[in-house]
Amino acid sequence: MSESLLQVEELETHLFTKEGVLKPVNGVSFHVDRGETVGLVGESGCGKTMTALSIMGLVPNPPGRIVGGAIQLDGEDLLQLDDRTLRTRRSVQMGMIFQDASTALNPTMRVGDQIAETMQRHMGMNAAEAALHATEILDRVGIPAAEQRLSDYPHQFSGGMRQRVMIAIAICCNPELLIADEPTTALDVTIQAQLLDLIRELKEDVGKSVLWITHDLGVVAELCDRVMVMYAGQVVEEATVEELFLRPRHPYTAGLLDSMPTLEERRQESLKTIEGMPPNMARMPSGCAFHPRCEYASERCVEEMPVLERSGREGLVACWHPLNIEE
Amino acid sequence: MEPQQEILVETRELSKHFRGPRPSLMSRRATLRAVEKVNLRIRRGEVLGLVGESGCGKSTLGQTILNLYPPTSGEIFFEGDNIQELKMGELRLLRRKMQIVFQDPYSSLDPRMPIGQAIAEPLVIHKMASGSELEERVSDLLQTVGLNPGLRNRYPHEFSGGQQQRIALARALAVTPSFLVADEPISSMDVSIQGQLINLLERLREQMGLTYLFISHDLRMVRHIADRVAVMYLGRIVEIADCDELFDNALHPYTQALLSAVPITDPTAARTRKRIRLEGDVPSPIDLPAGCVFQSRCPLVQPECAEKEPELREMGGGHRAACILV
């Protein structure tokens, strides 16, 4: 196997608030290989966005701070870099796509200039080269009449098109890794489908690696090669997408999959659910964070926190009573 | 679903237009046709799913049916009565029977009112209970939606989104309605919470004999809960059928594309299935061209589509579609 492009090890990002120290990222480890699309799935508040912000070096401080761990991008620890170097790395090696394009783009600046600015600063292009290249990029992300639209402002684009502009900015310096945080959540399904196609094209044509952060397991099934499931600040399961959907190991993953109705067949009985709610970060339960909602919970789960371990032939799970294990 | 069942709600040629922006300083305001000539029948006891993308008019239709927006034209019948012909007092009485829950429960609850009081309020307004009976009703309602009656003196912000939606539901159900419009009631919730609320809605429907208009963009959830499904595009119903029929045998090209765009939860099937991709965005509902509203994005568009707007035609078994090609 080739060396990983992104390697996150024992990452800890804490929020220092009046209520105490919250741990939205509490010892998270994972890797993204070259050319691979990895999904990071979880419900709101599980720490998936904070994980992404940590990798991008965008943790809001205060109240947040990375207090431990390492983030290796292409063999270089991002946490050891000074701000200036990090800024360059961020633009040239990672492209970032956020959920809300209207707040991520500058509303007072023409989109062509926003794309060109990035390339001028980080790729050493002059204004003319950058403008030419910006047209190509807009065309590449599927914006019709790209040349004319360079001089439009973000508000003149529809939601789906604005999202494409953001993707254009993310890929304009030709980064190897794309980090996308719920980029299609606010969009209608037909527009979401168009964007998923675009991402698929980008990863097939250009061989980009993608870290795709979402709460939607359907999108993961469509797009990802491998998946990590997060719960309460920790990765509780990691598997290939086929394994995860076929044989979920962690009771939380199984619960998530069961609570989603499918489009293919109608289930007559009521939906299976996970009772209760995700824990409040300020009052984390002892042992396994999922134990108050878990039907398999035992005394050990209350006392001892399970670690992410290899389970069966492939995949990792953090559970004392994993499901679907066959040797 | 038996065809002879009683019709609880009916709309005839119901339209709701809004005044759009002025294209330029001197020109007339454009008209935004949010709901255009909708004929819909909702049977007593059924769940009618109403699906479509944002801006298609599904929420406006739901609110116009409840007369929260006065219709621009057309008629609405509730239990056989034309509700625009009712006097104020009669309409108020009718309001008891039709209720709505919205997507964002927090903004539909008064942040300064304890939840017990919020649930009691409609009972007081409609003079349905007072004194200890009122207290008892509120406790019952809280229990019905799965909340501890001991929490009645808490304020909305002390609850999670899912619990707030339960409170909004309890308040809507306080006056024992027969018809409930659920406008994207679970869209802002996490998956594990959505399931809990859907199961609650289904249980309540059985216990209280409710009829739902379930408005949602989540087709997976609609397939689970609905008996029949109507698909809206730019203010029009373009297809309506029994739930299984619609999902297994969609006729309108828009419905087919919509279903094909939903991510499916089987990775192997997701990678091999045939996809229909729509180009472009939903056009603005202002100043639409003549003919079929879907023509600008339709993969099967024909020259005839620009001539006349297709009618919603019966295709057999109550399956109706508005497309000249089917």
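Visitor: How many bridges join strand 7 of chain B to strand 8 of chain B?
Guide: In this predicted model, local features need pLDDT of at least 70, side-chain atom pairs count only at pLDDT 80 or more, and totals for chains, interfaces and linings use all residues. Residues are numbered from 1 along each chain as its sequence is written, while chains are lettered from A and ligands numbered from 1 in the order in which they are written. Strands (E, at least two residues) and helices (H or I, at least four) are DSSP runs numbered from the N terminus, and two strands pair if DSSP finds at least two bridges between them. Strand 7 runs parallel to strand 8 (residues 211–216) in chain B, and the number of bridges joining them is 5.

Visitor: Which residue of strand 8 of chain B is the bridge partner of B:Phe179?
Guide: B:Phe179 lies on one side of strand 7 of chain B, along with B:Val181 and B:Asp183. Looking across to strand 8 of chain B, its bridge partner is B:Thr211.

Visitor: And which residue of strand 7 of chain B is the bridge partner of B:Gln99?
Guide: Strand 6 and strand 7 of chain B run parallel and are joined by 4 bridges. In strand 7 of chain B, the partner of B:Gln99 is B:Leu180.

Visitor: Which are the edge strands of the open sheet of 8 strands in chain B?
Guide: This sheet has mixed pairing and the order 6-7-8-3-9-10-12-11. An edge strand here pairs on one side only, which in chain B describes strand 6 (98–101) and strand 11 (313–314).

Visitor: Which residue stands opposite B:Ala230 in strand 10 of chain B?
Guide: Strand 9 (residues 228–233) and strand 10 (residues 236–242) of chain B run antiparallel, with 6 bridges between them. Opposite B:Ala230 stands B:Ile240.

Visitor: Why does B:Ser130 count as exposed?
Guide: B:Ser130 sits in the loop between helix 4 (115–125) and helix 5 (131–144) of chain B. It counts as exposed because its C-beta neighbours inside 10 Å number 12.

Visitor: Which residues touch the most other members of the largest nonpolar core?
Guide: A nonpolar core is a set of buried Ala, Val, Leu, Ile, Met, Phe, Trp, Tyr and Cys residues joined through C-beta atoms within 7 Å. In soluble globular proteins, nonpolar side chains tend to be buried together. The largest core has 184 residues, and those touching the most other members are A:Leu211, A:Val236, B:Phe214, B:Val229 and B:Val231.

Visitor: Which helix gives the most to this core?
Guide: The answer is in chain A, where 11 of the 13 residues of the helix in question are buried. Its buried residues include A:Gly160, A:Met161 and A:Val165. With 7 residues in the core, the helix giving the most is helix 7 (residues 159–171) of chain A.

Visitor: How far does helix 7 of chain A reach from its first C-alpha to its last?
Guide: The expected span of a helix is 1.5 Å times one less than its number of residues. For the 13 residues of helix 7 of chain A, 18 Å is expected, and the reach is close to that, at 19 Å.

Visitor: Which helix of chain B gives the most to the side that touches chain A?
Guide: Two residues are in contact if their C-beta atoms, placed from the backbone, lie within 7 Å. The contact takes 35 residues from chain B and 38 residues from chain A. On the side of chain B, 7 residues come from the helix that gives the most, helix 7.

Visitor: Which residues of chain A does the annotation "domain: ABC transporter" cover?
Guide: The annotation comes from an unreviewed UniProt entry; positions are given in the numbering used here, feature names are shortened, and annotations may be inferred rather than shown by experiment. In chain A the annotation covers residues 6–257.

Definitions and conventions
Buried ≥ 20, exposed ≤ 12 C-beta atoms within 10 Å, placed from the backbone.
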